[in-house]
Amino acid sequence: MMAAVAAVVVHPDDTVAVIVAPQGGRAGQTLADGTPLAENVPMGHKVALRDLAAGDAIVRYGEVIGRADKAIAKGAWIPEALVRMPPAPDLAAMPRTRRPMPPMPPLEGQTFEGFRNPDGSVGVRNVLAISISVQCVAGVAAHVVERVKRELLPRFPNVDDVVALDHTYGCGVAIDAPGAQVPIRTLRNLARNPNFGGETLILGLGCEKLLPEMLRGDGADAAIVRLQDEAFHGFGAMVEGVMAAALPHLERLNARRRETCPVSDLVVGVQCGGSDALSGITANPAVGFAADLIVRAGGSVMFSEVTEVRDAIHLLVERAASDEVAEALIREMAWYDAYLGRGGADRSANTTPGNKSGGLANIVEKALGSVVKSGSAPIVDVLAPGERIRRKGMIFAATPASDFICGTQQLASGIALQVFTTGRGTPYGLAAAPVVKVATNSNLATRWSDLIDLDAGRIATGQASLEAVGWELYRLILDVASGRKTVAADRLGLHNALALFNPGPVT
């Protein structure tokens with residue numbers, strides 16, 4: 001007799017089980033309830049737990065993720081083609097009832113070693129940032145960064161890095177259009193990221209629409225260098241001028257030292273990319289567990305990706321800490337619905353071929369597995385795209401689901417470190433902040449052993465409990481924040497370019 005195949009049923013009301021065995025399930029193997037598999041089923045894919053007629057609800061996480069496109073027999077594989085996606089939750093008719101949430105027990109005495117900034121924020125790295133006001137100067141900024149790394153950084157051993165905050169904005173755009181406020185405030189707040197210590201240098205051209213002064217924070221006096229300045233005769237003089245302007249920033253950064261800070265000063269972003277059906281079973285719940293620990297310690301966790309929470313928004317509204325937060329969650333969903341509609345798209349465009357190969361039938365199933373990264377804490381605030389953090393606790397920062405845009409927007413909103421879950425695999429990384437990469441399945445963690453920082457797939461195979469992996473991730477976050485451990489992406493130098501969210505018109 002064949003051994004039972006490893007599978008997970010998330011909720012008692014589910015009509016499907018998800019195969020979690022690394023090699024998938026084979027025809028004739030049985031589930032824990034004795035259901036025999038009618039055919040081979042890949043890892044991460046769904047199996048019917050009872051006979052389903054055409055139109056019957058397909059339930060996972062205790063929620064309807066779709067309707068059966070045709071009759072499906074008990075024990076049969078349910079591929080994406082057999083799942084008809086339901087309509088999105090009606091925002092106008094959605095109940096605003098908030099669930100009573102008892103206080104979470106505090107986690108006291110938790111600390112990390114960080115860099116305290118003049119504005120009260122705390123960074124986990126000590127980095128010189130060169131912000132640009134227009135894409136025209138991006139090549140010069142890249143050249144300067146390379147020169148600074150080679151010629152100046154050896155003189156300033158306490159400075160971790162120098163990065164260019166480059167982008168494709170700044171000119172050829174409708175700078176006064178309503179949508180322009182998103183990229184402008186994003187760039188302004190990027191320069192204020194806690195890992196830069198308030199020492200951002202601004203590089204401009206001189207004729208752009210986005211004036212370099214617009215990138216200065218309130219009351220800030222960041223140095224500005226304009227390449228069109230008549231004092232510069234030729235490219236070499238421009239580069240020397242920028243490097244000279246960088247020196248005082250490097251000197252001040254070099255004088256900084258890590259100090260013991262409470263976890264209440266830490267801001268962590270969470271994101272997923274290259275998701276599979278195990279994301280909502282292993283890595284994302286482990287991230288949610290670690291997120292609750294950070295919040296219990298007084299810290300802040302930021303989750304995002306509007307499209308990937310849209311179909312689970314009813315589960316978030318009931319966790320809102322106030323009526324104001326509940327309305328803000330719905331407001332951001334409605335804003336993004338309208339944004340997609342103007343572009344002739346809807347939420348169904350989100351799910352990728354890789355998501356589907358990994359067992360995710362549609363955006364509904366993906367969203368229900370995505371929101372568990374936010375743990376169980378009350379949601380205390382909602383940030384519009386590019387807004388900066390203003391409260392401690394669990395925060396929803398509205399961003400697109402694109403890995404690169406979400407990462408850029410979260411940096412602007414004030415994260416010092418990011419946790420990124422993946423089931424299909426991605427070399428994604430950020431130059432401005434460490435990215436802790438968590439694998440949803442052990443197959444990926446084994447194949448990409450030098451790219452993955454933590455294997456949450458052990459939860460599915462029974463080698464570790466959710467709580468154990470959650471605590472392991474929490475401790476890893478503090479080690480990375482303290483500079484005691486280096487994440488794989490930084491060790492390998494894998495960093496993606498920044499990508500602004502620009503809903504405004506280009507002229």
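Throughout these legends, two residues are in contact when heavy atoms of each lie within 4.5 Å. The model is predicted, so a local feature is described only where pLDDT is at least 70 and side-chain atom pairs count only at pLDDT 80 or more, while totals for chains, interfaces and linings use all residues. Residues are numbered from 1 along each chain as its sequence is written, and side-chain values use heavy atoms, with hydrogens and water left out.

View 1. Helix α4 spans residues 283-296 and includes asparagine 284; helices here are DSSP runs of H or I with at least four residues, strands are runs of E with at least two, and both are numbered from the N terminus. Asparagine 284 is buried, at a relative accessible area of 1%. Buried stands for under 20% relative accessible area, exposed for over 50% and partly exposed for anything in between, with a 1.4 Å probe and protein chains only. Look for the side chain of asparagine 284 reaching the backbone oxygen of glycine 369 at 2.9 Å. Such a polar contact is a pair of N or O atoms within 3.5 Å; within protein, one must be able to donate a hydrogen and the other to accept it, and residues adjacent in sequence count only if both atoms are side-chain atoms. Apart from neighbours within four places in sequence, asparagine 284 is in contact with Cys272, Ser279, Gly369, Ser370, Val372, Lys373 and Thr421.

**View 2. The open sheet β4-β5-β7.** Three strands make up this open sheet, in the order β4-β5-β7 and with antiparallel pairing. Strands β4 (57-60) and β7 (83-84) are at the edges with a single partner strand each, so one side of each has no neighbour in the sheet. Two strands count as paired if DSSP finds at least two bridges between them. By that rule β4 and β5 are antiparallel partners over 4 bridges, with valine 59 standing opposite valine 64 in β5. Strand β5 (residues 63-68) also pairs with β7 in the antiparallel sense, over 2 bridges, and alanine 68 has valine 83 of β7 as its bridge partner. Helix α8 (residues 363-370) lies across β4 and β5, running at about 160 degrees to β5. For that angle, axes are lines fitted to C-alpha atoms, for helices over the stretch in contact, and angles run from 0 to 180 degrees between N-to-C directions.

**View 3. Arginine 60, a residue of β4.** Leaving aside neighbours within four places in sequence, the contacts of arginine 60 include Val10, Asp14, Ile65, Ala277, Glu365 and Leu368. Isoleucine 379 is 319 residues from arginine 60 along the chain, and their C-alpha atoms are 24 Å apart.

**View 4. Two residues with positive phi.** The hairpin of β4 and β5 has 2 residues between the strands, and there tyrosine 61 takes a positive phi near 60 degrees. Tyrosine 61 counts as buried, at 13% relative accessibility. Glutamate 305 is another residue other than glycine with a positive phi, here near 70 degrees. The loop between β16 (300-303) and α5 (313-317) holds glutamate 305, which is buried at a relative accessible area of 0%.

**View 5. The open sheet β1-β2-β3-β6.** This sheet has 4 strands with antiparallel pairing. Strand β3 (residues 46-48) and β6 run antiparallel and are joined by 2 bridges; lysine 46 has isoleucine 78 in β6 as its bridge partner.

**View 6. Helix α2 and its packing.** Of the 10 residues in helix α2 (residues 181-190), 8 are buried, so the helix is largely enclosed by the rest of the structure. Among these buried residues are Val182, Pro183, Arg185 and Asn189. The buried residues of α2 pack against β11 (161-165) and α9 (403-413).
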